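Here is a short report on a protein model. Keep the coordinates open while reading.

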Amino acid sequence: MELSPPTPAAGEPGRPLEVTALGEEAWIEVVRRMDSIYADLVRHQVELERKNEALEEAQRFIDSVLSAMSDVLVVADIHGRIQRVNQAMLDLAGLPEEALVGQALHILFTEESASLANELPHRTREKAVTDCEARMRGRDGGSIPIAINCNPRYDNRGVFSGIVLTGRQLGELRRAYHELQDAHQQLKDAQQQLLQAEKMASLGRLVAGVAHELNNPISFVFGNMHALKRYEDRLQRYLTAFHEGSPQAEMERLRKRLKIDRVLQDIGPLIDGSLEGAERVSAIVQNLRRFATPRPQNKSWFDLPRLTENAVGWVARTSPTPPEVTLDLPEELPVHGNEGHIHQILINLVQNAIDAMEETPRPRLDIRIEQDADHARVVVRDHGPGIPEADALRIFDPFFTTKEVGKGTGLGLYISYGLATEQCGGALRFRNHPRGGAEFILEIPLGTDEAPADG
Ligand SMILES: Nc1ncnc2c1ncn2[C@@H]1O[C@H](COP(=O)(O)OP(=O)(O)O)[C@@H](O)[C@H]1O
Ligand SMILES: [Mg+2]
């Protein structure tokens, strides 16, 4: 390019020396401008390269995400022409990308799903399509059931510009569902086992006491039976003499010697005592059975005060440090519910209370029952140290225990809580009593409105 020096301004007389000086300045200015333009160019070039790199990086990122997806993905335009598919789709169809891009969406589907495929752009424009079952063509011409979701895609001006379809093979969904179901079942089984384990642990503690409990009436019955055996012997001899027609005087003498009058007097109480002992044994056995195998869903009418007394008596009697128990119970309070569950909860509460009072010089337990229109509350209060604030939020957690290994499982309150709320439709709460000790409140619904059947 040729540049001529600038002409002097109009009206100015030509002064060659100055013109030359001015001309140089202009040249310098031109060179400076070109320099700056060139620098700008270089800057823009660098910027462009940087953006290009970022674009490629984004592209690679999207590609890697798409090919890592196990669900199939298809992007189509508003006419349903395929624009992009991911690796999972190519694998499923068994075709290369070139064979699909530009084709109509329905070629991915079997004949029966083709019309659905054709409608997809239209339907999706109105509203996203979710969990719709369709069949896609597999690589060997097979038909593959698939659950599809279809969402609209918009361009940068917010104009509907196509659809994004994702699909998951139904077989996989079913498998996932079954796996979930299995896991759930395992969890339920494990819970059941925990329940059983806790029961067994409490049972173990009770067994020693039960043996002691049984020992009493049984030795009582034994003693009575030995006495009766001796009496039978004497009566036999007396009756034989009588049948042989022994004279009156001889009979009289025998009667005195064998103390027949005493025998006749004693037989009644001996038999009564034995019966009582046998009944006691039978009651203990029945209790044991109720404790060991509470029938899970069996609801029945039972008398809450009697059940409470029984549970408290059991644990208290079989404890090495039996507390002084105060009962404040109504004469009778029929409840319709699961007796076994309530029994188990009460046994846990009383056992905990006794454990808590191990170091208490005069262990005392106050049990009372309150009642309102449709609930009964059994309140178990001990006179132990109460529950430290730090533990208060955790005592219902599974495996939370402050007892030494082998003594506490940490499951008693967890299970009792579950039984009280979920199984019995009631509640289990506690508080530290203002005058010391912990107080647990078991609240249960009284049950159906029907009156309890007789018997
Ligand atoms: N009456 C109570 N007084 C003080 N602490 C209690 C009482 N009842 C329960 N706890 C606390 O709650 C914990 C959890 O009780 P629980 O679930 O029955 O398990 P475990 O009796 O096997 O420890 C106990 O270890 C104890 O720290
Ligand atoms: Mg316990």
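## Helices on the sheet

Helix α9 (residues 339–356) lies across β9, β10, β11 and β12. Its direction runs at about 175 degrees to β12. Axes are lines fitted to C-alpha atoms, for helices over the stretch in contact, and angles run from 0 to 180 degrees between N-to-C directions. Helices (H or I, at least four residues) and strands (E, at least two) are DSSP runs, numbered from the N terminus.

The sheet is open and has five strands, in the order β7-β9-β10-β12-β11, with mixed pairing. Two strands pair if DSSP finds at least two bridges between them. β7 (324–328) and β11 (427–432) are the edge strands, each pairing on one side only. From one strand to the next, the twist averages 15 degrees. Helix α8 (residues 304–318) also packs on this sheet and touches β7, β9 (364–371), β10 (375–382) and β12. Contact means heavy atoms within 4.5 Å. The direction of α8 makes about 165 degrees with that of β9.

## Basis of the model

This is a predicted model: local features need pLDDT of at least 70, side-chain atom pairs count only at pLDDT 80 or more, and totals for chains, interfaces and linings use all residues. Residues are numbered from 1 along each chain as its sequence is written, chains are lettered from A and ligands numbered from 1 in the order in which they are written, and side-chain values use heavy atoms, with hydrogens and water left out.

Helix α11 (residues 412–423) has twelve residues. Its C-alpha span, first to last, is 15 Å, close to the 16 Å expected at 1.5 Å a residue. The expected span is 1.5 Å times one less than the number of residues. Buried residues of α11 include Leu-413, Ile-415 and Leu-419; buried means under 20% relative accessible area (1.4 Å probe, protein chains only). Seen down the axis, the buried residues of α11 fall within an arc of 165 degrees, so they line one face of the helix. The arc is that of the directions from the helix axis to the C-beta atoms.

Gly-425 follows α11, with a positive phi near 70 degrees. β11 pairs with β12 (residues 438–445) in the antiparallel sense over six bridges. Leu-428 has Leu-442 in β12 as its bridge partner.

## Hairpins

β3 (residues 129–137) and β4 (residues 143–154) run antiparallel, joined by seven bridges. Ala-134 stands opposite Ile-146 in β4. Five residues lie between these strands, and Gly-141 in the hairpin takes a positive phi near 80 degrees.

Conventions: Buried < 20%, exposed > 50% of the residue type's maximum accessible area, 1.4 Å probe, protein only.
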